[in-house]
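Please open the model in your viewer and keep the selection tool at hand.

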Amino acid sequence: MKSSIRRSRRAAVAVALGSVLALTATACGDDGSGSAGDKGNEGSGKGEITFWDNNGGVRTDIWKEIIADFEKKNPDIKVNYVGIPAASAQSKYDTAIQGGGLPDVGGVGTAMLAEVAVQGALEPLDSRLAKSSLNGKLSQNLLDSSKAAGGGDKLYQIPTSSNNGTLWYRTDLFKKAGLDAPTTWSKFYAAADKLTNKSKNEFGFTIRGGEGSIAPALDASYSQSGITSFWNGDKTTVNDPKNVAALEKYVALYKKDTPSADVNNDFTKMVAQWDSGTIGMLSHNLGSYQDHLKALGADKFRGLPNPTQDDGTRVQISNPVDGLSVFKSSKNKAAAWKFVEFAVSHEENSKFNESAGQIPANTEAAQDAWIQKAEPTKLAAAALNGAGTKVVQLPYYLPDWNTISKADNEPNFQKVLLGKMSGKQFLDTLADQLNKAQADWKKNH
């Protein structure tokens, strides 16, 4: 199965570079199927469009509210909402690209942007943005991240929000144990030990071992090691001895200071487990703020940027930027773009990010009162944009990035937690795959 997925990625790269035409020849045509290779058209700017939400369920309510606002202001446009669970969004897009049925507009995060763009499925948005009311009102840092993730030449995504790694901790448990806030890695490890009492089913930390485990593991590694670049020439630094040591210290928490169920927990199970009230710390992101608020109340927890080194040095990996893309096969790109403009406008972008607990891409929205009152978001924004913060840019532009960081290595990370693979073996395997993917990318660019 993995080799089949990998061959698909290689084919997509070949198509994008014009060296192989077979994929688009079989998948395109003006039959309205909405597949890659279908150039679509501008349309009337009225009628129906289809929107795919790439985080369906979690964000369904807020998107339906934004759609209702949009349709009220644009009564001649109807938006058909389709919610897709985050875990299956990439495969859903891949299937539609090759077989037809793409939407007019959809949520495409930077983690999958290159994968979708390289198959020729997305409409370049540079000229549309230049003529738009949004021009000059979006974070330049996020626009730069969006362009880099898409390959660096064109803008295929209008950013809606930015996330950041956050260490959520139980202030009531810390106070009871006489512990300082876990602002540094030393304080983090000390708290994980002190808050653990297995006989009472109390644990200091919950570690992500299921789906989505690779990014937090890399964040913990680079943050502790202090290495500030993902590449050293053409070779990745993921298996640098400092990162190996950092990862092995981190995973040693499993079953010692964490529940054994963590090996299979994705973020929803991990968040629910932490919200139950017997675990001291959780490393997730800003997106779970509302869940914690409902479960615990505002006085029992805080969200801080992930720990720094003892001297205050902050190193973190780049976090995916979520955003909206217009699909090239759309028969009504004018209406699709109107929806993008509206969704990322001041009021709507503020509304979306307040609900999500994330950092708005719209700079006017980022000044709104709620973000000043939402401490985790305010601190995350300060950390992300801090002068001393070093951000390790993950290679989202690699067409194989999602496959390597998910399907190929999440099972291996579980083996590390279970003691069936060493941290060095895990990172060496990851490094070998990344180095080959980088070599392929450079060869074709």
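In which loop does glycine 277 lie? Select glycine 277: the residue lies in the loop between helix 12 and strand 9 (279–285), where helices (H or I, at least four residues) and strands (E, at least two) are DSSP runs numbered from the N terminus. This is a predicted model, in which local features need pLDDT of at least 70, side-chain atom pairs count only at pLDDT 80 or more, and totals for chains, interfaces and linings use all residues. Residues are numbered from 1 along each chain as its sequence is written, and side-chain values use heavy atoms, with hydrogens and water left out.

Glycine 277 counts as partly exposed because its relative accessibility is 23%; buried means under 20% relative accessible area, exposed over 50%, and partly exposed in between (1.4 Å probe, protein chains only).

Next, select lysine 255, in the loop between helix 11 (241–251) and helix 12 (267–275). Lysine 255 has a positive phi, near 70°, although it is a residue other than glycine.

Proceed to tryptophan 63 and phenylalanine 339, whose rings form a tilted aromatic pair, 6.1 Å centre to centre with 40° between the planes. Rings of Phe, Tyr and Trp (its six-membered ring) pair if their centres lie within 6.5 Å; planes under 30 degrees apart count as stacked, over 60 as edge-to-face and the rest as tilted. Tryptophan 63 belongs to helix 3 (residues 60–73) and phenylalanine 339 to helix 14 (residues 333–343). Both tryptophan 63 and phenylalanine 339 are buried.
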